[in-house]
Structures are given as structure tokens and as C-alpha cells.
Amino acid sequence: MNVPEHVAIILDGNGRWAKSKGMPRTYGHTVGSKNVETIVRAAYDIGIKYLTVYAFSTENWARPKDEVSTLMKLLRDYLKSCMKTCKTNNMRVRVIGDKKGLDPDIQERICELEEYSAQFDGITFTIAINYGGRDELVRAIRRVAVEVKSGELTPEDITAELFTERLDTAGLPDPDLLIRPGGEKRISNYLLWQLAYAEFYFTDVMWPEFSKEDLLKACEEYSNRQRRFGKVK
């Protein structure tokens, strides 16, 4: 099997899964957060080198306050426990998104986790928190504009490669495969620049029940597709 180097996942279906069980949406987020560790380990075992997950979007702040509070608590708990699992999974962790929009204690934990996990090289696990594709593009454009204004760059210096290095994902390869559990068929403002040539895989399986077998199925379908990167051969 031709295993994708970089897989991106939208963690969707937590609330609907909980509702189907007669439970509150927050229960779905709790179970879904525990599944992250399972899939990271499965990705490592399969041979995926980069895994990027959409955990909390810039739009998620508009959700009910109790749901947002639950998500932030789960995030704090995960960042704390992740320090212990980095070594076990030989996992480097990165966080993308507008970190300044998060509480100071969360920003501090992110910094500590990124610094500690930088020593590991088995799999790079990237978490998108307070992330939106359009927001990322605007922030990158602002960075370039500041450099042009200061004289560090000229408009002629701006290339796709240069712009890519101003994105949150600088240094990471673009995803080969996007997986969206939960039955929806859209990318929801996720990695708009980076997904230009990615293969998309949609499944009705909700994220809390998404398993290693489901990940393998997505990778197998990816492996069977003919990749042309938009060029005629």
C-alpha cells in the first residue's frame, strides 16, 4: 500500500454521535478527545509521518458556552497528558492557529509541549486550535505586507513558496489525504491553501467511533487513486 505521508482529519460528528446515544453533546466531545490518542498511535503504526487534526475552529467560539467550556477543559487535559505520551509514541507536537486568542495558561502549555516534544521524530502530530483557513491566510498576508513595507521584500519577491513559509504550517509538507468522518462533505475552512492537491475521503462513521480500521480503509482508497497533482501526464 502507498501510505500517504501526511494525513489531515476533521474531527467531526462528536455531538451527533452523543445525541444518537441519548447523551449531551459534551459527552461526545469527551469520548472523541480520547479517540485522538488511539488514531495517533494507529497512524504511527501504519507509517504516516504527519498527522494534522482540526480540533477547534475560529467559528467554534459561537457554540453554546457550556460546550466551549467543555472543549477548553478537554484541551487543557489533553495538553497535560500529551507530555507523557510524546515519548511513548515518539511524537513531536505542533499547534497551529491564532494562539493569542487562547487563555494564557493554554498558550503556556502549548509552548512547553512544543519545546519538549521537539526531540521526537517518529510522527509529527499537529493540532489546529482556534484555527480557520481564511484567518490563517489573512495573518500570513499581513506578515508579508509588513516585510514589504519594511523593505525586507519587494512585491517581485513574493512567490507561492515564500507565502507558504509565512503560514502556520511552515516546514510541514502539504497533506496528501484529507479525511472527514461524520457524513458531511465539505472542508469547513480547514487548510485552504494546503489542501490544493489533496485527495478527499468522506465517511459516515462519527469521530468517536473512527477506528484504526477506518483509517486503514481511507489510506487504502488513497493508495488506489491515480495521483496527477493537476498535471496531465
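The crossing of helices α3 and α4 is left-handed in this predicted model. The two helices pack at an angle of about 15 degrees, and their axes lie 10 Å apart. Because angles under 35 degrees count as roughly parallel, α3 is roughly parallel to α4.

Let us consider which residues make this contact. On the α3 side they include Met72, Leu75, Leu79, Cys82, Met83 and Cys86, together with Arg76, Asp77, Lys80 and Lys87. In α4, which spans residues 104-117, the partners include Ile106, Ile110, Leu113 and Tyr116, as well as Asp105, Arg109 and Glu112. By class, the contact of α3 with α4 comprises 10 nonpolar, one polar and seven charged residues.

I turn next to the largest pocket. It holds about 730 Å³ of space, and 33 residues line it. Which of these residues lie nearest its centre? They are Leu11, Tyr54, Ala55, Phe56 and Asn60. Helix α3, residues 65-89, is among the elements that give two or more residues to this lining; the others are α1 (14-20), α2 (25-46), β2 (50-57) and β4 (123-131). The lining of the pocket divides into 16 nonpolar, nine polar and eight charged residues.

How many cavities of 30 Å³ or more does a search of the whole structure find? The search finds one. The largest cavity has a volume of about 60 Å³. Its lining consists of His6, Thr52, Thr164, Thr169, Leu172, Pro173, Asp174, Pro175, Leu191 and Gln194. Of these lining residues, four are nonpolar, five are polar and one is charged.

Terms used. Residues are numbered from 1 along each chain as its sequence is written. This is a predicted model: local features need pLDDT of at least 70, side-chain atom pairs count only at pLDDT 80 or more; totals for chains, interfaces and linings use all residues. Side-chain values use heavy atoms; hydrogens and water are left out. On a 1 Å grid over the protein atoms alone, a cavity is a set of points where a 1.4 Å probe fits but cannot get out, and a pocket is an open set with protein on both sides within 12 Å along at least five of seven lines; lining residues have an atom within 4 Å of a point. Grid points are joined across faces, edges and corners, and a volume is the space filled by probe spheres set on the points. Helices (H or I, at least four residues) and strands (E, at least two) are DSSP runs, numbered from the N terminus. Ala, Val, Leu, Ile, Met, Phe, Trp, Tyr, Cys and Pro count as nonpolar, Asp, Glu, Lys and Arg as charged, and the others, Gly among them, as polar. Axes are lines fitted to C-alpha atoms, for helices over the stretch in contact, and angles run from 0 to 180 degrees between N-to-C directions. Angles under 35 degrees count as roughly parallel, over 145 as roughly antiparallel, 65 to 115 as roughly perpendicular and the rest as oblique. A crossing is left-handed if the near helix is turned anticlockwise from the far one by less than a right angle, and right-handed if clockwise. Contact means heavy atoms within 4.5 Å.
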